[in-house]
Amino acid sequence: DDPHNGILVDSDDATSLCTAMRELSASPSQRAEMGRAGKERFERYFRVERYINRFSQIYEELLREHLTKALT
């Protein structure tokens, strides 16, 4: 989520990569904020528990739909 938890640069642009690295190396507060934001994003979107809960919801919905169709 550029620039909240990282800095995106083109893969073939060494100058942009160098600029981004210099910017981050010069700003401990920016690194800390990006780290905090990255951890928050991970916790919100990528935790195993989140996937388990979401898959459980999907399976329950599908089962309800199947049972409803079978009973009608």
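Helices (H or I, at least four residues) and strands (E, at least two) are DSSP runs, numbered from the N terminus. The model shown is predicted: local features need pLDDT of at least 70, side-chain atom pairs count only at pLDDT 80 or more, and totals for chains, interfaces and linings use all residues. Residues are numbered from 1 along each chain as its sequence is written, and side-chain values use heavy atoms, with hydrogens and water left out.

View 1. The protein chain has three helices and zero strands. Read from the N terminus, the order is α-α-α. The radius of gyration is 21 Å, well over the 11 Å that the globule rule gives for 72 residues, so the chain is more spread out than a compact globule. (This radius is taken over C-alpha atoms; the rule is 2.2 Å times the number of residues to the power 0.38.) The C-alpha trace spans about 65 × 25 × 15 Å along its principal axes.

**View 2. The surface of the chain.** Buried means under 20% relative accessible area, exposed over 50%, and partly exposed in between (1.4 Å probe, protein chains only). Of the 72 residues, 6% count as buried. The accessible surface comes to about 6300 Å², and 57% of it belongs to carbon and sulfur atoms. Accessible areas come from the Shrake-Rupley method with a 1.4 Å probe; for residues, only the protein chains shown count as cover. The chain carries 11 positive and 13 negative charges, whose mean positions are 6 Å apart. Lys and Arg count as positive, Asp and Glu as negative; His and the chain ends are not counted. Each charge is placed at NZ of Lys, CZ of Arg, CG of Asp or CD of Glu.

**View 3. Leu71 and Asn5.** Leu71 sits in helix α3, residues 48-71. Leu71 counts as exposed, at 74% relative accessibility. Asn5 is 66 residues away from Leu71 in sequence. In space, their C-alpha atoms are 50 Å apart.

**View 4. A nonpolar patch on the surface.** The members are Phe42, Tyr45, Phe46, Tyr51, Phe55, Tyr59 and Leu62. Together they have about 730 Å² of accessible area. Patches are made of residues with over 30% relative accessible area and no salt bridge: like charges are joined within 9 Å, nonpolar side chains (Val, Leu, Ile, Met, Phe, Trp, Tyr) within 5 Å. Helices α2 (28-45) and α3 each supply at least two residues. The largest share, four residues, comes from α3. Tyr59 lies in α3 and counts as exposed, at 57% relative accessibility.

View 5. A salt bridge is a side-chain nitrogen of Lys or Arg within 4 Å of a carboxyl oxygen of Asp or Glu. The structure holds five salt bridges. One of them joins Glu40 and Arg44, at 2.8 Å from N to O. Both residues lie in helix α2, four residues apart, about one turn of the helix. Glu40 is partly exposed, at 40% relative accessibility. Arg44 is partly exposed too, at 43%. Salt bridges link Glu33, Arg36, Glu40 and Arg44 in a network.

**View 6. Arg47 and its two partners, Glu43 and Glu49****.** Glu43 forms a salt bridge with Arg47, with the closest N and O atoms 3.4 Å apart. Arg47 also meets Glu49 in a salt bridge, at 3.4 Å from N to O. Arg47 is partly exposed, with a relative accessible area of 29%. Glu43 is partly exposed at 38%, and Glu49 is partly exposed at 44%.
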